[in-house]
Amino acid sequence: MDNQRLLIWAFFGLIGWITYQTWIQDYAQQPVATTSQAVLQSELTSEGGDLPELSAPTDGALNTLLPIDVTAPELTTGRATASTAPSIRVTTDVLDIEISTEGGTLQSARMLGYPIAKDQPDILIQLLSTDDANFGAIQTGLRIVGEGEEPNHQAMFSSGSSFYSLDGFDELVVPLRWRSADGIVVEKRYRFTRGGYAIAIEQEIINGGAGLWRGTDYSAIQRISKEQERSMFDVDSYSYTGPIVYDGEKSEKHNHDDLMDDGPSTFKSSAGWLGAIQHHFLSAIVPEAGTEQSYRVSVKGYRSTASTIGQVQSVAPGSSKIFSTMVFVGPKLQSQLEEIDESLKLTVDYGWLTIISQPLFWLLSAVFDFIGNWGVAIIFVTFLIKLVFYKLTESSGRSMAKMRNLQPRMKALQDRYKDDKQALSAAMMELYKREKVNPAAGCLPILIQMPFFLAFYWVLLESVEMRQAPFALWLTDLSTKDPYFILPLIMGAAMFMQQKLNPAPVDPVQAKVMQIMPIMFTAFFAFFPSGLVLYWVTNTLLSIAQQWKINKVVEREAKESKR
């Protein structure tokens, strides 16, 4: 019984921590407060003036300088950039994009269909922005070896139109063009597809000059960067906002404070990528597969820069070469991430329970594709989980049922040895042994449920597919708490009913804890995502049905054995 008591208190502690973290995310003050806005803008403004020299290095020295820290144009308070370069607006069925003609920089990206809050449908998530407080940009360009003009992110490009729309087509190509005085032409093409958040960027260099062109391509993501709120298990949990890189073997998040203290992080890889996470959303750059790239991640003030640059390539006069890069700007839809690169799924961080959460999400998605409702999918998957572990929990349920039948005899032993705890313990153990009852069997269902409970917690919080997903009636968002606390009250009532089917603990202290458990759980779960509460309610109701059936079977067996 000591093991059971320890397990109960450990579970209470776990629930308490999760509740605290959920409350922090919903109600606590954000790291960058209103009073700090002027400081933030001042940092951004001062950084913008510190633009690195982009003049070409001497022949053969380009790779020794790599990777470079590509910095955005100057920022001034109240204005996005010092440049007056016109922008090109691109709309698809899922994106509203702005491309600056200065360098062809992706400077604005709004997520159509993804409002910040469900009750404010017109205020959309914006991953890239020229606003100081939400700054974000994706830059691409070419650097050269030797003297000459560079088609980098500061070069001026031209386009045939200032507005492009996907309309009824499945694909949209937005072309930009740059020409140097010595006959070098660069055509930069942005390729959009229907329903997709991936943007294929091609930089084709056409050598119309008389000499050999030598250079390479680079890409960079710049994003607002700030200190992060620490979560329950890991500082880099679902609240993380900042850069992430993949070196071909593992992914790594770079916290603002670590980069400030330790300086830039660099590595080389031919199968890597880089990105910037904003909870459910991602901006990422995936270089052409198989190309050797040098990566660099740094932070300065309130801005992080993650950049990659390739190896030097040569283009002979009269020849051309295409540098290809895939960019992703959108929600972390795992199906689309996998189409670009299997490892991009690592940006969906389920923490240390990924081994359970990932298959659980796959199963939920498969059920959702068939049913079309995430709430119903949660109920169905909970039923499947219960079915898989039915035999295992059945043996535990039988022990609980037998202990329930032994309650009168256990009470008699308590009365007989009320002044001798050692004798009482020995008598109880003898009774359990004689009746073949395992007093710790009641811990098993909780032990089984806890990993799936936590896995559901991370799936609901990290999977954008369930963001603002409705269930039924008043439950319009399974990723947030029940607005009327009806589901937690149902859960508390179900837990009370479940207790009536189980034996009362012998220990008076433990018995009191068990009595108030439904009330405490109701209070805890009031702030949990309603999808998580729905899982627990379903699991509890199924447990009640299972235990009720087992109790009836054990009672019948006990009567038959007395005949």
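**Figure 1. Overview of the predicted model of the protein chain.** Among contacts in the protein chain between residues at least 6 apart in sequence, 69% join residues at least 24 apart. In this predicted model, the secondary structure of the chain comes to 13 helices and 19 strands, and buried residues make up 52% of its 563 residues.

Figure 2. The average pLDDT of the protein chain is 76, and 70% of the residues score at least 70. Over residues 1-9 the pLDDT stays under 50, and the model has 19 contacts beyond four places in sequence for this stretch. Residues 230-238 likewise have a pLDDT below 50, with 28 contacts in the model beyond near neighbours in sequence.

**Figure 3. The largest nonpolar core and the surroundings of Leu-364.** The largest nonpolar core holds 102 residues, and those with the most contacts inside it are Leu-106, Met-111, Val-174 and Leu-364. Helix α10, which spans residues 443-462, supplies the largest share of this core, with 10 residues. In soluble globular proteins, nonpolar side chains tend to be buried together. When neighbours within four places in sequence are left aside, Leu-364 is in contact with Trp-374, Ala-377, Ile-378 and Val-381, and also with Phe-456, Val-459 and Met-466.

**Figure 4. The second largest cavity and its lining.** Sorted by class, the residues lining the second largest cavity are three nonpolar, five polar and two charged.

**Figure 5. Thr-522, a buried residue in helix α12.** Thr-522 is found in helix α12, which covers residues 508-525. This threonine counts as buried because its relative accessibility is 17%, whereas the cut-off for a buried residue is under 20%. Apart from neighbours within four places in sequence, the residues in contact with Thr-522 are Pro-488, Leu-489, Met-491 and Gly-492.

Key
Residues numbered from 1 in each chain as written. Predicted model: local features only at pLDDT ≥ 70, side-chain atom pairs only at ≥ 80, totals over all residues. Heavy atoms only, no water. pLDDT = per-residue confidence, 0-100. Contact = heavy atoms within 4.5 Å. Nonpolar A, V, L, I, M, F, W, Y, C, P; charged D, E, K, R; others polar. Core = buried A, V, L, I, M, F, W, Y, C linked by side-chain atoms within 4.5 Å. Buried < 20%, exposed > 50% of the residue type's maximum accessible area, 1.4 Å probe, protein only. Helix = DSSP H or I, 4+ residues; strand = E, 2+ residues; numbered from the N terminus.
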